[in-house]
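Colleague: Please show me how to read a structure like this one, feature by feature. Keep it short.

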Amino acid sequence: MQLYNTLSAKERAALIEAAGKERLTISFYKYAHIGNTSIFRNHLFIRWNELDVLGRIYVAKEGINAQLSVPAENFDGFKQHLDSISFLENVRLNIAIEHDNKSFLKLKVKVRHKIVADGLNDATFDVTDKGIHVGAEQFNELIEDPDTVLVDMRNHYESEIGHFKNAITPDVDTFRDSLDIIEEDLSEHKKDKKLVMYCTGGIRCEKASAYYKHKGFKQVYQLEGGIIEYARQVEEQALENKFLGKNFVFDHRRGERISDVVISHCHQCGKPCDTHVNCANEACHLLFLQCAACAAEMDNCCSDDCKTVHALPYEEQKALRKGKGASNKIFKKGRSPVLKFKK
């Protein structure tokens, strides 16, 4: 029984390119009680591997958080399988605005303690007492209300390239960092203001809205389906698009354009730019913004030091990394003194 990937990312990319078939990039989440997470994980992997699903899926006792791609020709089969699982029947699927057949190159279904690392003790408050969900039209009305405080629940590197106008964008590295900061900064508005939140697909706001109601906020709202669903509704209903720039996504695309305006700048030269890249030096892997001109000049690296390392033969690079570990903790997102124009 195969419960793991047999192809490398490079091999998978070549197969996708050779097939020439359209793939859909999809995300969804659902809070639900899952008894045996390991059995559920294996069930998903076996069936989705048969359907050529690729992506990153987290399963926990509290539910599922999935970001994936599936061949368009297999979508109906994928949807039928979801509907065969009681708590996933008719679950809202956030389908990407901009598709890339190589958005994911492996199928990873992992068991986690939580489907979002929020750092909260769920036993201390009612996680089901959530905020009011609103669609794009009502959201647009709410954020123009002077009694509304609009908060971006994402991280600094996400909001940097795109956010709603007039939104508070906390300068944080993780979701858990933002929760207490937002509560403290808005403490005086718990009773007199409408707290309106949004994130990429809605999952972070699900838990945050219940947490803030527990903390005393009286009027709590959240954007249903996040930025992804907002963009779809804006197009379908011919609404005014109040989102500025790109929506950061956690796959190989790194972002999808929601409006034409570019609100950020290249971290190396300062010119308008909203293209996220990872430093080509694998020992660095820094996520930052880099324009095409700087990418050519710097050989896709974040600094001269990394450029020097990247120019070495692969075996020498590998030797330099030996013993240093490859933990995600060393991979910083937009935080480095080498980035001259990072504000």
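**Reading the model**

Modeller: Start at Ala238, in the loop between helix 8 and strand 11. Helices (H or I, at least four residues) and strands (E, at least two) are DSSP runs, numbered from the N terminus. This is a predicted model, in which local features need pLDDT of at least 70, side-chain atom pairs count only at pLDDT 80 or more, and totals for chains, interfaces and linings use all residues. Residues are numbered from 1 along each chain as its sequence is written, and side-chain values use heavy atoms, with hydrogens and water left out.

Colleague: What is the phi of Ala238?

Modeller: First, the general idea. Most residues other than glycine have a negative phi. Ala238 is not a glycine, yet its phi is positive, about 55°.

Colleague: Is Ala238 buried or exposed?

Modeller: Use the cut-offs: buried means under 20% relative accessible area, exposed over 50%, and partly exposed in between (1.4 Å probe, protein chains only). Ala238 has 69% relative accessibility, so it counts as exposed. Now look at Asn166, which also is not a glycine and has a positive phi of about 70°. Asn166 lies in the loop between strand 8 and helix 6 (175–185). Its relative accessibility is 63%, so Asn166 is exposed.

Colleague: What span should helix 8 have?

Modeller: The expected span of a helix is 1.5 Å times one less than its number of residues. Helix 8 covers residues 226–237, twelve residues, so it should span 16 Å. Its end C-alpha atoms are 16 Å apart, which agrees. The helix also has buried residues, among them Ile227, Ile228, Tyr230 and Val234.

Colleague: Which residues of helix 3 are buried?

Modeller: Phe75, Phe78, His81 and Leu82. Look down the axis of helix 3: these residues fall within an arc of 125°, so they line one face. The arc is that of the directions from the helix axis to the C-beta atoms. On the other side, Asp76 and Gln80 are exposed. The buried residues of helix 3 pack against strand 1, helix 2 and strand 3.

Colleague: Which residues touch the most other members of the largest nonpolar core?

Modeller: General idea first. In soluble globular proteins, nonpolar side chains tend to be buried together. A nonpolar core is a set of buried Ala, Val, Leu, Ile, Met, Phe, Trp, Tyr and Cys residues joined through side-chain atoms within 4.5 Å. Here the largest core has 27 residues, and Phe28, Trp48 and Ile64 touch the most other members. Strand 1 (23–31), helix 2 (37–50), strand 2 (54–60), strand 3 (63–71), helix 3 (75–83) and strand 5 (107–111) each supply at least two of its residues. A second, separate core has 24 residues, including Ile115, Val149, Cys199 and Phe217.

Colleague: What is Phe28 in contact with?

Modeller: Contact means heavy atoms within 4.5 Å. Leave aside neighbours within four places in sequence; the partners of Phe28 then include Trp48, Ile64, Phe78, Leu82 and Leu93.

Colleague: How many aromatic pairs are there?

Modeller: Rings of Phe, Tyr and Trp (its six-membered ring) pair if their centres lie within 6.5 Å; planes under 30 degrees apart count as stacked, over 60 as edge-to-face and the rest as tilted. The count is 15 aromatic pairs. In one of them, the ring centres of Trp48 and Phe78 are 5.2 Å apart and the planes stand at 55°, so the pair is tilted. Trp48 is in helix 2 and Phe78 in helix 3, so the pair ties together parts 30 residues apart in sequence. Both Trp48 and Phe78 are buried.

Colleague: What kind of aromatic pair do Phe164 and Phe243 form?

Modeller: An edge-to-face pair, with 5.0 Å between centres and 85° between planes. Phe164 is in strand 8 (residues 162–164) and Phe243 in strand 11 (residues 243–248), 79 residues apart. Both Phe164 and Phe243 are buried. Ring pairs also link Phe139, Phe164, Tyr198, Tyr230 and Phe243 into a cluster.

Colleague: In which sense do strand 9 and strand 10 pair?

Modeller: Two strands pair if DSSP finds at least two bridges between them. Strand 9 (residues 194–198) and strand 10 are parallel, over four bridges. Val196 stands opposite Tyr221 in strand 10. Strand 6 (residues 132–134) also runs parallel to strand 10, joined by three bridges. There, His133 stands opposite Gln222. Strand 10 (residues 219–223) is mostly covered, with four of its five residues buried.
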